[in-house]
Each structure stands twice: as structure tokens, then as C-alpha cells.
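Please load the model in your viewer and keep the selection panel open.

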Amino acid sequence: MMIEIKDLKKTYNGITVVDIPSLQINKGESIGLVGNNGAGKTTLFRIILDLIRKDSGEVLSKGFNVSDTDTWKDYTGSYLDEGFLIEYLTPEEYFYYIGSLYQVSRTDIDVKLETYTDFFNGEILGKKKYIRDLSKGNQCKVGVVACLMQNPEIIMLDEPFANIDPSTQFRLKNMLKQVAFEGQITSIVSSHDLNHVTDVCKRILLMEKGLIIKDIQTDVNTLEELESYFSVMK
Amino acid sequence: MILSFLQHQWKAFWRSKNTGKSIAVRVVMAFLLLYLFANVLVVAYFLDEILDELFPLERIVDAFNGVILYYFLFDLLMRFQLQELPTLSVRPYLTLRVTRNQIVNYLSISSLWTGFNLAPVMLTLPFLFKQVLPYHGVGIFWGYLLAIIGLTLFNHFFSLWFKRKVNLNSWFLLAFVGVVAGLGLLDFHWHVISISYVSKLLFNHLYQQPVLAIIPLFMAIVIFFINYKFLKNNLYLDELRSDHSGEKTSTDISFFNRFGIAGELAATELKLILRNKRPSSSLKICGIMMFYGLLFYTNPVYAASFGWKIFAAMFMTGIFIINYGQFMFSWQASHFDGIMAHKIKALDFFKSKLILFYTFSSITYILTIPYVYFGWKVLLVQSVMVLWNLGVNTTIVLYFATRNYRRIDLTKGASFNWEGVGASQWILSIPLFTLPFVVYAPFGLLGQPMAGILCIGFIGLAGMITRNFWLNLLVKEFSEKRYLIAEGFRNE
């Protein structure tokens with residue numbers, strides 16, 4: 001078991017934003033997190049990453065409570081928003097910085113970056129720009145790749161498809177599918193694009209007002225099921 | 001329309017999470033403002049007597065005429081340095097059904113609300129009531145008042161326009177300061193020219209012909225429209241952006257490599273300081289502070305006492321710790337989530353701060369060694385104080401950093417920027433400024449100043465040697481507060 005959540009609760013001003021009695025995520029699973037705005041997806045991500053204090057319950061990563069230990073940081077790669085990027089560095093500097101944190105040498109980083117040439121589409125490397133001067137989509141590319149640079153066992157991405165162009169969406173989808181196919185890396189990806197999510201993820205968690213109201217293994221009917229749920233919502 | 005802009009600004013100010021959530025800050029700031037206000041009023045009320053004292057041979061009105069031009073020159077200088085351009089986040093409005101004229105109008109009018117514009121009227125109005133109105137009549141009274149308002153507005157819009165136009169960099173400012181200082185020297189020291197003579201000439205005419213007050217008013221109107229037109233023509237998103245610098249390079253600071261991950265973090269933070277507007281201007285202040293010693297060591301009153309030496313030496317060798325450290329962690333607010341979620345141990349995080357502190361304090365210490373010219377005691381005090389700064393002040397500053405939850409926008413300038421200022425900075429200054437004196441005072445009173453100085457140095461050294469103990473304390477404190485810090489930094 002990779003991640004286990006028990007009796008998790010978080011409220012803001014009396015409104016429950018996350019309420020998950022029990023959730024287990026196994027090694028190698030690819031999870032798609034869907035739900036309308038305010039459903040609690042980002043908050044859940046932040047709690048799993050120990051960025052927010054929870055009111056009760058616990059999150060275990062490989063059996064250890066994420067609030068008490070730091071070891072989960074060794075194998076968890078995450079990109080939620082631009083708050084994970086250092087905006088005054090160039091993308092290269094940022095990748096080297098990440099590399100140094102995770103003991104990946106510069107040459108290894110360079111070799112890895114080669115493999116993302118298509119994904120970057122010539123807009124990231126060697127542009128002599130700081131990350132803050134990149135477009136949101138390109139910032140997202142930097143964040144996602146930095147996340148994969150860490151040789152993670154778990155990756156967590158919050159709406160990675162939102163700002164990137166269609167070609168990059170396809171490339172990212174293939175990357176994530178590849179990850180899922182190899183079965184070594186556990187992934188949790190949230191998205192508003194039901195097509196992408198059902199395409200990439202083998203298990204879908206549907207959140208509404210902090211609750212996980214559906215937990216389904218993806219099959220041919222999943223997209224339809226989700227679409228009917230979202231179109232009925234008022 | 002302007003009304004609803006004002007309303008938005010008002011809301012933006014009060015609803016910003018940065019605006020003193022804590023009442024303590026508001027109270028302190030209110031007192032500070034009141035104090036300044038009171039000072040101005042007192043000066044204004046006694047202006048006639050002050051002038052009489054300074055220029056006993058002249059008529060008071062003549063003396064007044066003589067200083068007006070000085071004031072406005074000085075005012076212009078201060079404005080160049082300190083006045084912020086009204087930036088209003090115009091972005092959301094540019095695409096709405098709001099005309100350019102309305103936006104520009106708003107930018108111009110809202111910029112008027114600054115102490116620079118209030119001060120001249122506040123300073124002179126009591127004088128005008130006391131001296132001019134009763135003895136010289138209503139006409140002259142209005143003449144002066146309008147002329148002063150006109151000159152104020154002229155300075156205001158001129159400095160705005162000029163600052164935008166030339167995108168003043170610090171070298172230019174330095175040159176300008178040099179020119180004004182040169183004029184001052186020519187005037188006061190060598191008596192080659194006399195600004196005061198020119199000032200008298202101008203305002204004596206005004207005194208005889210109050211109608212002439214329309215000239216400064218007219219000047220103000222002209223410069224208003226120049227500024228207006230300039231703004232209107234440049235109201236584009238990409239041009240309003242503050243950063244026009246070109247290619248960015250990836251620099252590598254290999255000096256820090258030997259310290260492992262802490263060194264990497266320190267190198268990254270050094271880039272933060274060098275590449276962003278506000279931290280780099282606080283670094284410039286550190287440079288200027290190196291001259292602090294000239295103020296203290298040359299003055300015989302200060303030079304005799306150890307107390308002032310301690311003060312000056314602490315500032316010079318520890319200015320980076322004080323000035324940059326007081327906003328610790330806020331500098332990294334925009335990527336604090338990344339710091340928390342990535343594989344960075346809190347201990348390394350704190351060590352990286354120490355590395356920066358040690359580096360900068362060493363540099364400032366070395367740079368201030370030439371002050372030994374003023375005696376070996378100066379160097380001794382500076383050496384002792386650098387130990388104190390590194391051993392004690394670092395820990396104090398970092399401790400308060402764990403209680404600082406305010407976000408800072410790196411791209412905004414430093415002067416009059418209250419963003420990120422909170423109660424913790426005010427409280428921080430208390431131990432920072434008093435502790436060395438608490439240690440020194442008993443020895444000083446007993447007539448053993450040298451022992452007191454050495455005691456400060458000893459405590460500093462002890463703090464440096466035991467730094468791992470303090471670091472662990474800080475890490476513990478930090479892990480308790482980390483959610484609060486991260487949440488505060490997320491609030492824009």
C-alpha cells in the first residue's frame with residue numbers, strides 16, 4: 001500500500017472541505033481525481049503533501065504519517081501550482097536545483113532533459129528567460145518535468161492539462177500512460193477534462209463537497225457515467 | 001467610474017490579508033503617523049519663530065521667501081527617491097468598457113494621495129495664517145497658498161512623469177543627488193551662487209503681485225497634461241510591466257557548493273536577492289550603511305563613547321542580518337509550498353540562512369576594517385560586534401522568522417513598501433537593539449568598558465560555537481509553525 005487515509009477531516013469556517021473516512025491507494029495505481037470547483041481536490045492534495053494542517057485523521061505514506069516524518073518527500077514528486085516553481089530561476093537552473101535536492105547529477109539531468117525535447121517543443125530550454133516570464137502552460141511543463149526528474153514512486157499533479165496546448169496534452173497523456181503501464185509509479189492526477197482522465201487513469205475518484213462519492217475502476221462505461229453525473233449537477 | 005475605482009482600491013487595501021490583520025500593527029502604525037503628523041504641526045506652528053531665529057536680520061516674510069525654493073528642490077529630490085508610481089492593477093480594467101481616459105484620470109488623481117502633497121500645505125498654512133493673513137492681507141495670503149499648491153502639484157506630476165520616462169536607475173539617482181549636493185556646496189560652502197537669492201527674487205514678485213500665483217498653477221496644469229498624455233500613450237500591458245531587462249543567464253555560484261544541500265539553497269537564495277527588485281534594493285541599503293561609520297566615528301561626541309561604537313558597529317557588520325533577515329521566509333513566500341513539499345530538511349533550510357548571514361557579515365566586516373583609521377578600539381568593537389551578530393542576532397532573527405506569516409511580492413520596490421511588515425518586525429527590533437547594551441551597561445557603569453566589550457564578544461562566540469543547539473531549537477519551532485507560515489504565504 002502506497003497511501004492510506006484514515007478519518008481525514010478538514011473544515012474552514014465550519015464548512016467541511018475534505019471528509020474522507022477511509023481511502024487506500026496501492027502501488028502502481030493511477031488515480032484520476034475529478035470534481036467541480038470547490039469539491040476539495042486541491043485541499044486533499046495539499047493535505048497528502050502535508051502543506052495544510054488537518055483537523056483530524058491521518059495520512060500514511062508507505063505506512064508512515066506524513067506529518068511526523070520527512071521520508072515521504074524522498075519518493076514523492078508533486079506539482080500543484082506555480083508555488084512549486086522558483087520564479088526567478090531559469091528552467092535549467094531550476095532543474096539542476098531539483099536535481100541537487102534529489103541527488104541527481106547535472107549530467108543525469110541533462111540526459112533526462114534530452115528525452116523531453118518533444119514535450120518542451122523548444123520553448124523551455126536555452127531561452128534565457130526566467131520561469132516567471134514563461135507562459136502558464138510552459139510553467140506547467142517545467143513543473144511536471146521537474147516532478148519526473150526526482151525519480152519518484154508517487155507523482156501528484158493538480159490539473160496538469162488545464163493550461164497546456166493540445167499537442168502537449170497528448171504528449172503528457174502518453175507520458176502518464178507510460179508511467180501507469182510500467183506499474184512502478186503511483187500517480188494521482190486531477191483534471192476537469194473527463195476524456196483525459198478516463199483515458200489515462202485506471203481508477204477514478206469523484207469528489208463532491210469534500211466527500212469521495214464515487215470510487216470506480218475505469219472501463220468503457222466510465223466516461224458516460226461521469227458525464228451523466230456532471231450534466232445532472234445543478 | 002473613478003468612484004468605483006477608488007472603491008476597488010479601498011477594498012483591495014482593507015481586504016488584503018497583508019493589511020495589518022493584527023490590531024497591534026495598526027495601533028503602532030497609527031501612532032507612528034500621528035507622531036509624524038504632530039511633528040509637522042509643531043514645526044509649522046512655530047515656523048515664524050524658527051525663521052526669526054535663523055535669519056534675525058531679515059523680515060520674516062523675506063526669510064520665508066528665501067527658503068521656499070530650497071524646500072521644493074529638496075522635495076523633488078525626496079520624491080525621486082521615495083515616491084512610488086501609482087500602479088493600480090489596471091490589467092482587469094483594460095478589456096472592460098472603461099475608457100483609457102478614465103483609467104488615466106484615475107491613475108493621476110489617486111496618485112495625489114501622498115504625504116508629499118500634504119506636507120507643504122500643512123507646513124505653511126499655520127504660518128500663512130499667523131504672519132501673512134493679519135499683516136499683509138487676504139490677497140497675498142491666497143497668492144502664497146495657490147503658489148505653494150501649484151508648486152507642489154508641479155513637483156508631483158513632474159516626478160511621476162520623469163520617473164516613468166527615464167525609468168530611473170540608481171546610478172541616475174546618484175548623479176542627481178550629486179548635482180543637488182554640488183549646488184548646495186556652491187551655495188553654502190563656496191557662496192558662488194545663491195538659491196536663496198533666486199527664491200527671494202521670485203517670491204518677492206509674488207508678494208507684490210499675488211496674481212502671479214497663476215504661474216506655478218499653470219506650470220502644474222501643463223505638466224499634468226504632459227504626464228497624462230504620456231500615460232495614455234503607454235497604457236499597454238507589456239509596457240506597464242516593470243521589468244524590461246533582456247536575456248537571462250544561468251549563473252552558477254560555485255562558492256556554496258561545498259556546503260551540500262544547504263549550500264545549494266543558499267546559492268538559490270542569493271539569486272533571489274540579486275534578481276528581484278525589493279531584496280536587491282535592500283542589499284543596496286547594506287552598501288550605503290557601510291558609510292554609517294563616517295557619521296559616528298568622525299563626530300567627537302560619539303567617538304568618545306563605546307555605546308555609540310557598539311551601535312554603529314552592530315549596524316555595519318550586521319546590516320544584512322537585520323535588514324534582509326527581518327523579512328525572513330517572506331522572501332520565499334511565492335515558492336514556499338515547493339520548499340515544503342520537496343526533499344529539503346528543515347535543518348538544511350536553516351543552515352542555508354546561516355551560510356548567507358555568515359557570508360554577508362564577513363564581507364561587511366572586511367569592508368569596514370579601514371575604519372581602524374579612527375583608532376584600534378573601533379576595530380575591536382567591530383570585531384566583537386560581528387561575533388555578536390553571527391552568534392546571537394542570527395538566532396533572534398530566525399526565531400522571529402518562524403512567526404512571520406506575511407507574503408512579499410518580490411518585484412515591487414522597497415521604499416515605503418509596507419508589504420510584509422507586521423508585528424514581528426517591530427518586536428524583533430527590541431531584542432536586536434537592546435541586548436548588546438544590556439550586556440555592556442553593567443560593565444560600563446562600573447567603569448570597566450573594555451570588559452563589557454569583551455563580554456559581548458565572548459557571548460557572541462559562545463553562540464557561534466553552540467549554533468547546532470540553537471539550530472535544532474529553531475527547527476523544532478519551525479515544524480510547529482510550518483502550516484501557519486505556508487498558509488500565510490499562500491494568501492496574496
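This is a predicted model: local features need pLDDT of at least 70, side-chain atom pairs count only at pLDDT 80 or more; totals for chains, interfaces and linings use all residues.

Colour chain A by secondary structure and you can count nine helices and 10 strands. Its radius of gyration is 18 Å, close to the 17 Å that the globule rule gives for 234 residues, so chain A is as compact as a globular protein of that length. If you draw a box along the principal axes, the C-alpha atoms of chain A fill roughly 45 × 40 × 35 Å. Of the 234 residues in chain A, 46% are buried.

Most residues other than glycine have a negative phi. Now select A:Asp7, which sits in strand β1 (residues 3–12) of chain A. Phi of A:Asp7 is near 45 degrees, a positive value in a residue other than glycine. Is A:Asp7 buried or exposed? A:Asp7 counts as exposed because it has 12 C-beta neighbours inside 10 Å.

Move along to A:Lys62, in the loop between β4 (56–61) and β5 (64–65) of chain A. A:Lys62 is not a glycine either, yet its phi is positive, at about 50 degrees. Here there are 17 C-beta neighbours inside 10 Å, so A:Lys62 counts as partly exposed.

Next, show both chains and look at where they touch. On this interface, 24 residues of chain B are in contact with 26 residues of chain A. Select α13 (260–275), α18 (336–341) and α23 (467–490) of chain B: each supplies at least two residues of the side that touches chain A. Which helix gives the largest share of that side? The largest share comes from α13(B), with six residues. Colour the chain B side by residue class and you will find eight nonpolar, eight polar and eight charged residues.

The axes of α13(B) and α19(B) come within 8 Å and cross at roughly 60 degrees. The two helices are therefore oblique to each other, and their crossing is right-handed. To see the contact, show side chains for B:Ile261, B:Ala262, B:Gly263, B:Leu265, B:Ala266, B:Glu269 and B:Leu270 of α13(B). Facing them from α19(B) are B:Asp348, B:Phe349, B:Lys351, B:Ser352, B:Ile355 and B:Leu356. The residues of this contact divide into eight nonpolar, two polar and three charged.

For the last stop, select helix α6 (residues 100–110) and helix α11 (residues 214–233), both of chain B. Their axes lie 10 Å apart, and the helices pack at an angle of about 130 degrees. That angle makes α6(B) oblique to α11(B). Then pick out B:Arg100, B:Val104, B:Leu107 and B:Ser108 in α6(B), which meet B:Phe224, B:Asn227, B:Tyr228, B:Leu231 and B:Lys232 in α11(B). By class, the residues of this contact are five nonpolar, two polar and two charged.

Methods
Residues are numbered from 1 along each chain as its sequence is written. Chains are lettered from A and ligands numbered from 1 in the order in which they are written. Axes are lines fitted to C-alpha atoms, for helices over the stretch in contact, and angles run from 0 to 180 degrees between N-to-C directions. Helices (H or I, at least four residues) and strands (E, at least two) are DSSP runs, numbered from the N terminus. Angles under 35 degrees count as roughly parallel, over 145 as roughly antiparallel, 65 to 115 as roughly perpendicular and the rest as oblique. Two residues are in contact if their C-beta atoms, placed from the backbone, lie within 7 Å. Ala, Val, Leu, Ile, Met, Phe, Trp, Tyr, Cys and Pro count as nonpolar, Asp, Glu, Lys and Arg as charged, and the others, Gly among them, as polar. The radius of gyration is taken over C-alpha atoms; the globule rule is 2.2 Å times the number of residues to the power 0.38. A residue is buried if 20 or more other C-beta atoms lie within 10 Å of its own, exposed if 12 or fewer, and partly exposed in between; C-beta atoms are placed from the backbone. A crossing is left-handed if the near helix is turned anticlockwise from the far one by less than a right angle, and right-handed if clockwise.
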